[in-house]
Every structure is written in C-alpha cells, then in structure tokens.
Amino acid sequence: MKNIVILISGSGSNMAAIVRAAGRQRWAERLNARVAAVISNRPDARGLQLAANAGIATAVVDHKSFAGREPFEAALMQAIDAHAPALVALAGFMRILTPGFVAHYAGRLLNIHPSLLPAFAGLHTHQRAIDEGCKLAGATVHRVTAELDHGDILAQAAVPVLPGDTAETLAARVLTQEHLIYPRAIADLLRTL
Ligand code: GRF
C-alpha cells in the first residue's frame, strides 16, 4: 500500500478534498494507495478533527515546543516516516522547510500554492495579483525543492480575477479549483509510482 501523509496548519480543506477523492475514487482498490496520516504543526488546526472523523491517524508536531527549525523538523520527519510514505503532500502547511528536510523527501514531496507559479511565489498571492491588475489568477501543484515555491509544476488551474474582487473573494474562487487539481495531481503521480 502506498501511504500518503498530508501536512496541514489550518482549515485543511485541501486535505479534506484529497481524503474525499481517495474515498470516492477508491484509491485503495484502484491505486493501492491511502491517506495514512494527517500531521499538523498547530494543535488547533481545524483539519485535525476532520481527519480524525474520517478515521485517519493524526499527529501534532508543534513548532513552538522546539528550540529551532532543525529539532522541529527532526521530530516532524520522525512522525512522517512512521508511516513510510510514498508521497508527502503539503496542504496549507505554513512552515518554511530546510534543504535537509526537502532532500530527505526528494521526489515525493508536493505542495499546492495559490498562484499561477512562477508568478507570485510567497505570501499574499491574491492581493498581489489584484494589485498587479492580473486578469487571471489560479493555483499550482508542484514538487517541492529547496527554493520556496519552485520545483516541477504538476498541475495548474486558472480562474478570472473579476472587477471588485478582494483577496478573500479571489481566494475562495481559487480554492474551489485547488480542491480539484490537488487530488487529481496526486492520483496521476500515484499511477507512476
Ligand atoms: C490554500 O490556499 C493553499 O494553496 C495555501 O494555503 C491554503 C490552505 O487552505 N498554501 P486549506 O488549509 O487547505 O483549507
């Protein structure tokens, strides 16, 4: 069985979309894959309860209880590796990862970013797209490399930026597409593993 471990920090709607797709599309039978665990760096992440309700193992590795990035990541890697993952999917995981962590999961670490990369790496993507007068915005599923929001692009979806959009209305429009492309990109990749 190919195990998927999903890392979250907040609401976990992308994680939930992946879990839903795995169930509806019967990934266990068809792809020999399952979401084995959901791990959060924040104890209050709403997604944790959601995952637990779906019968998925959950864990918290709270970055605040470690003296620095390296010990935090060591504990995080231990929690992840307990599930021997074929894929590790970052889904709204709001910690910058060291090159050592990224190298440890080379080729099996994915992220979803709420912009049409390579445009708008980093934070505040929706406001920046509005401020630049972009007519299209979107989301990107990519492999994670040591450089923030870089790495091979696996899937993208575009949405229009509409007159009067705020960062919030645009984010909501982009998020509906994230929920489609992230599960699809993961399923596509699983077929090649
Ligand atoms: C998404 O927009 C994702 O692209 C970004 O953070 C947000 C997380 O949302 N990295 P959720 O936790 O999946 O609901």
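Helix H1, strand S5 (109-113), helix H6 (125-131) and helix H7 each supply at least two residues of the lining of the largest pocket. Helices here are DSSP runs of H or I with at least four residues, strands are runs of E with at least two, and both are numbered from the N terminus. H7 gives the most to this lining, with four residues.

The model is predicted, so local features need pLDDT of at least 70 and side-chain atom pairs count only at pLDDT 80 or more, while totals for chains, interfaces and linings use all residues. Residues are numbered from 1 along each chain as its sequence is written, and side-chain values use heavy atoms, with hydrogens and water left out.

A pocket is found on a 1 Å grid over the protein atoms alone: it is an open set of points where a 1.4 Å probe fits, with protein on both sides within 12 Å along at least five of seven lines, and its lining residues have an atom within 4 Å of a point. A volume is the space filled by probe spheres set on the points, which are joined across faces, edges and corners.

| Pocket | Volume | Lining by class |
|---|---|---|
| Largest pocket | About 960 Å³ | 17 nonpolar, 17 polar, four charged |
| Second largest pocket | About 150 Å³ | four nonpolar, two polar, three charged |

In these classes Ala, Val, Leu, Ile, Met, Phe, Trp, Tyr, Cys and Pro count as nonpolar, Asp, Glu, Lys and Arg as charged, and the others, Gly among them, as polar.

The largest pocket is lined by 38 residues, and Gly92, Phe93, Met94, Pro114 and Leu123 lie nearest its centre. The lining of the second largest pocket includes Ala17, Arg20, His179 and Arg184. H1 and H7 each give two or more residues to that lining.

The ligand takes up the space of the largest pocket; a molecule sits in a pocket if more than half of its atoms lie within 2 Å of the grid points. Around the ligand are Ser11, Gly12, Ser13, Asn14, Gly92, Ile112, Pro114, Leu175 and Glu178, where near means a heavy atom within 4 Å.

A polar side-chain atom of Ser11 lies 2.6 Å from an oxygen atom of the ligand. For Gly12, a backbone N or O atom lies 2.8 Å from a ligand oxygen atom, and for Asn14 a backbone N or O atom also lies 2.8 Å from one. Taken alone the ligand exposes 360 Å², and the protein buries 82% of that, by the Shrake-Rupley method with a 1.4 Å probe.

Key
Polar contact = N/O pair within 3.5 Å; in protein donor to acceptor, adjacent residues only side chain to side chain.
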